[in-house]
Amino acid sequence: MANLRTKVFSRSPWSCWAIATTLLVIATWARLSDAERAECDVSVQLVSIQIWRGEDDSSRPSSKIMGIASCYGSKVEKQPNASKLPLVAIEPFNACNESNQQLGGHIVLAMRGGCNFAEKTLNAQRAGAQALVIVDNTGGKLFPMNGKNGSDSDLGITIASVLISKKDGMSLKSSLDGGGAVAVKMFESKPALVDPAEIILWSIAVTTVVLASMWSAARDRKAYHGYGKIKEENPQQEGNKGQVFEINMTSAVMFIVMASVMLLVLFYFMSKSFYIFLVVLLCFGGFEGLQLCFHGILQSWLPDKSQLGFEVPWIGWVPLFWLMTAPLSAGIAVVWAVYRQSSLAWVGQDILGISLMLSVLQTIRLPNIKVSTLLLSLAFFYDIFWVVVVM
């Protein structure tokens with residue numbers, strides 16, 4: 001019996017793209033709507049901060065960072081009205097006490113912690129600051145800062161304040177501590193209707209599913225017409241067929257349970273050793289996935305050579321295509337593992353991940369719509385619970 005994805009996607013792959021496009025529109029709407037669900041009575045205001053370091057007085061900034069404006073005080077100006085002002089670190093740096101500095105005409109940098117956000121902003125305002133930039137001290141996700149009680153809008157604050165990440169803030173602090181001049185320009189940043197990163201992720205995910213579905217359909221068609229049948233006199237080809245795991249009702253439930261357990265293990269027991277274990281696991285899984293992909297490509301190009309192989313000591317019979325592509329697959333996995341901290345490491349990680357998923361989609365079969373409905377429904381509530389409720 002043909003599996004579900006063969007029936008739906010192989011005959012009409014564009015239906016998969018249509019469904020994914022609908023999901024992308026819904027996700028985009030949810031992301032934009034989320035900007036209205038601030039922790040205060042006003043919408044979240046994203047802020048772009050252009051930075052000039054040293055004596056550079058050119059119109060082009062040396063770098064740019066992002067922040068989120070507070071719920072209280074004035075709004076950050078739009079770009080045409082924004083002014084370039086010098087940045088200075090307030091003393092004390094947590095801004096929990098009034099400063100003796102004269103900060104007129106300056107944007108002030110302060111550290112989170114020690115007192116609430118509104119008190120920091122009031123102390124910077126009393127010193128004459130034009131605006132306040134608060135550095136997060138947790139390294140977590142940025143959020144709109146509240147007033148004293150989370151809903152108190154009558155705080156007497158007239159300047160704007162912005163929360164930036166710990167990494168960006170400490171970089172600015174290091175420049176100031178080194179005696180260098182730093183100037184910044186803050187202005188409102190409107191979120192794009194569609195994030196380019198979302199388009200890339202959507203394209204990668206949908207393309208992976210479509211390719212796996214069409215690949216599986218092609219293999220089933222060959223088997224149906226007799227081209228892919230395993231001959232009794234050729235055990236080598238039989239060993240190359242691979243095994244198919246058919247999901248039933250119990251395994252669908254256990255899949256979600258094991259995924260939940262894995263999340264708990266990652267949350268409570270994450271360590272450097274466990275991280276290395278996950279890296280090694282991805283390398284092995286990606287290697288197997290790449291081998292499957294390369295073998296399928298070579299088999300379609302050279303069908304007459306697909307039955308060739310060699311007896312390898314302690315391993316047994318190994319297909320020729322596997323031996324030809326093993327160095328390349330291993331090389332990709334090793335290169336990614338060594339340079340996984342570089343800025344372009346995501347390319348290798350995506351290659352390994354896509355190959356692994358193609359391998360999984362070639363192995364797992366959904367026998368009927370009943371099992372498919374159960375698995376997708378459980379995955380839907382799994383995502384809502386762990387991502388939305390818990391996180």
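Guide: Let us begin with one residue. Ala 95 counts as buried because its relative accessibility is 0%; buried means under 20% relative accessible area, exposed over 50%, and partly exposed in between, with a 1.4 Å probe and protein chains only. This is a predicted model, in which local features need pLDDT of at least 70 and side-chain atom pairs count only at pLDDT 80 or more, while totals for chains, interfaces and linings use all residues. Residues are numbered from 1 along each chain as its sequence is written, and side-chain values use heavy atoms, with hydrogens and water left out.

Visitor: What is the phi of Ala 95, and where is Ala 95 found?

Guide: Although Ala 95 is not a glycine, its phi is positive, at about 55°. The residue is found in the loop between E3 and E4; helices (H or I, at least four residues) and strands (E, at least two) are DSSP runs, numbered from the N terminus. Pro 92 lies in the loop between E3 and E4 as well, and the peptide bond from Glu 91 to Pro 92 is cis, with omega near -5°.

Visitor: How many residues does the largest nonpolar core have?

Guide: A nonpolar core is a set of buried Ala, Val, Leu, Ile, Met, Phe, Trp, Tyr and Cys residues joined through side-chain atoms within 4.5 Å. The largest one here has 23 residues, and those with the most contacts inside it include Ile 49, Leu 87 and Ile 107. Among the elements that give two or more residues to this core are strand E1 (46-53), strand E4 (107-111) and helix H4 (166-177). A second, separate core of 19 residues includes Leu 103 and Val 108.

Visitor: Which residues does Ile 107 touch?

Guide: Contact means heavy atoms within 4.5 Å. Leaving aside residues up to four places away in sequence, Ile 107 touches Leu 85, Pro 86, Leu 87, Val 88, Ala 131, Val 133, Val 184 and Met 186.

Visitor: In which sense do strands E9 and E10 pair, parallel or antiparallel?

Guide: Two strands pair if DSSP finds at least two bridges between them. E9 (residues 309-312) and E10 (residues 316-319) pair in the antiparallel sense over 4 bridges, and Phe 310 has Val 318 in E10 as its bridge partner. The two strands form a hairpin with 3 residues between them, and Trp 314 in the turn has a positive phi of about 65°.
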